[in-house]
Amino acid sequence: MSGATLQSDLLQRFLFDNAPIRGEWVNLQECWQEVLLRHDYPPAIRRVLGEMMAAAALLTETVKISGRLVLQIRSKGPVSLMMVECTSEHTLRAFAQWQGHVTDDAGLKDVTGDGTLAITIEMEDAKQPYQGVVSLQDDSIANTLETYFEQSEQLATRIWLSASDHAASGLLLQQLPSEEKQKHETEEHWSRISQLAATVTDDELLNLDIETLLHRLFHEEQVRLFEPASLAFACTCSRSRVAETISLLGKQEAEQILDEQGEIEVACEFCNEHYHFDKVDVTELFIDTVSAESDPNTLH
């Protein structure tokens with residue numbers, strides 16, 4: 001090892017000067033722990049969700065958006081929903097919904113069955129989000145995403161993902177466009193470098209700093225590192241947003257919930273924060289709503 005200390009919650013881009021190939025590496029520790037602290041997931045679900053978090057960070061940097069990218073699994077298996085969100089501000093959040101017993105050694109297909117993986121990109125200046133959907137035919141998130149890039153982006157892409165109880169990490173390689181006359185040479189570079197990367201182990205991916213990892217994998221290549229980006233866990237839920245959601249229910253339905261339960265409780269799936277609204281809160285909420293609607297100076 002080079003002696004460098006592994007810094008967590010970083011994403012780093014790199015480029016091969018001797019080949020038209022770009023790469024990214026990400027290691028998540030603190031923000032991954034923030035997710036695990038909020039929900040007690042079975043080990044198999046933790047592995048998949050951790051890999052999805054690492055993948056979301058890599059893909060957000062790959063598409064270079066100003067907005068957010070969401071990876072979402074829907075299935076009829078034990079896991080009905082998994083969702084990871086990464087923003088262009090390098091914040092992440094994630095959660096999973098499941099039912100029944102999930103064995104510790106269950107693979108992706110065991111927990112999802114015949115599910116789908118949706119990639120949604122919401123740009124700040126776009127009217128409609130972009131969404132691509134790929135079936136979970138492979139038994140890994142990495143292989144599924146490689147299939148997506150092959151089908152929709154026509155870009156040769158390799159991805160390696162790993163997650164443990166302490167970290168989630170990932171490595172991405174992508175072939176850059178080249179001139180037709182250089183196609184044969186480009187393919188040779190891609191074959192060589194992707195084969196070298198394929199020797200990476202889970203232990204290396206999770207525990208080595210980027211300099212040491214790249215030296216082990218590509219010590220005979222010319223690799224240039226760019227400045228790292230820091231990542232962090234962050235949730236966008238708030239009491240005011242929950243209040244807006246309750247107001248959309250309508251006064252009658254909100255009062256019916258109050259009569260049945262004594263209060264309205266809403267929990268954020270991502271951060272597990274619980275918001276409580278009693279009768280006074282709900283009454284004030286709908287008074288404010290009526291006042292806003294009747295005010296002639298209110299902008300709609």
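Okay, let's start with a definition: a salt bridge is a side-chain nitrogen of Lys or Arg within 4 Å of a carboxyl oxygen of Asp or Glu. Keep that one in your head, and keep a second one too: buried means under 20% relative accessible area, exposed means over 50%, and partly exposed is in between, using a 1.4 Å probe and protein chains only.

Now, what you have on screen is a predicted model, where local features need pLDDT of at least 70, side-chain atom pairs count only at pLDDT 80 or more, and totals for chains, interfaces and linings use all residues. Residues are numbered from 1 along each chain as its sequence is written, and side-chain values use heavy atoms, with hydrogens and water left out.

The overall picture, then. The protein chain has 10 helices and 14 strands; these are DSSP runs numbered from the N terminus, with helices being H or I of at least four residues and strands being E of at least two. Its C-alpha atoms fill a box of roughly 70 × 50 × 40 Å along the principal axes. Of its 300 residues, 45% count as buried. Contact means heavy atoms within 4.5 Å, and of the contacts with a separation of 6 or more, 62% are between residues 24 or more positions apart.

Which residue is buried yet has no salt bridge? That's D9, and the nearest side chain of opposite charge, R38, is 12 Å away. On charges, Lys and Arg count as positive, Asp and Glu as negative, while His and the chain ends are not counted. D9 lies in the segment before strand 1. So what does sit around D9? Leaving aside neighbours within four places in sequence, D9 is in contact with residues including N27, E30, C31, A229 and L231. A polar atom of the D9 side chain lies 2.9 Å from the backbone nitrogen of E30. 

Next up, rings. Rings of Phe, Tyr and Trp (its six-membered ring) pair if their centres lie within 6.5 Å; planes under 30 degrees apart count as stacked, over 60 as edge-to-face, and the rest as tilted. By this rule there are five aromatic pairs. One of them is F16 with F218, edge-to-face, at 5.0 Å centre to centre and 85° between the planes. F16 is in strand 1 (residues 10-16) and F218 is in helix 7 (residues 210-218), so this pair ties together parts 202 residues apart in sequence. F16 is buried, at 2% relative accessible area, and F218 counts as buried at 2% as well.

Another pair is F95 with F270: the ring centres are 4.8 Å apart and the planes are at 90°, so that one is edge-to-face. F95 lies in strand 5 (residues 91-98), and F270 lies in the loop between strand 13 (264-267) and strand 14 (274-277), so parts 175 residues apart in sequence get tied together. F95 counts as buried at 5% relative accessibility, and F270 does at 9%. Ring pairs also link F14, F16 and F218 into a cluster.

Last thing: charges over rings. The rule is NZ of Lys or CZ of Arg within 6 Å of the ring centre and within 35 degrees of the ring normal. R13 lies over the face of F226, 4.5 Å from the ring centre. The charged end of R239 sits over the ring of F277, at 4.0 Å from its centre. That's my tour, thanks!

Definitions and conventions. Polar contact = N/O pair within 3.5 Å; in protein donor to acceptor, adjacent residues only side chain to side chain.
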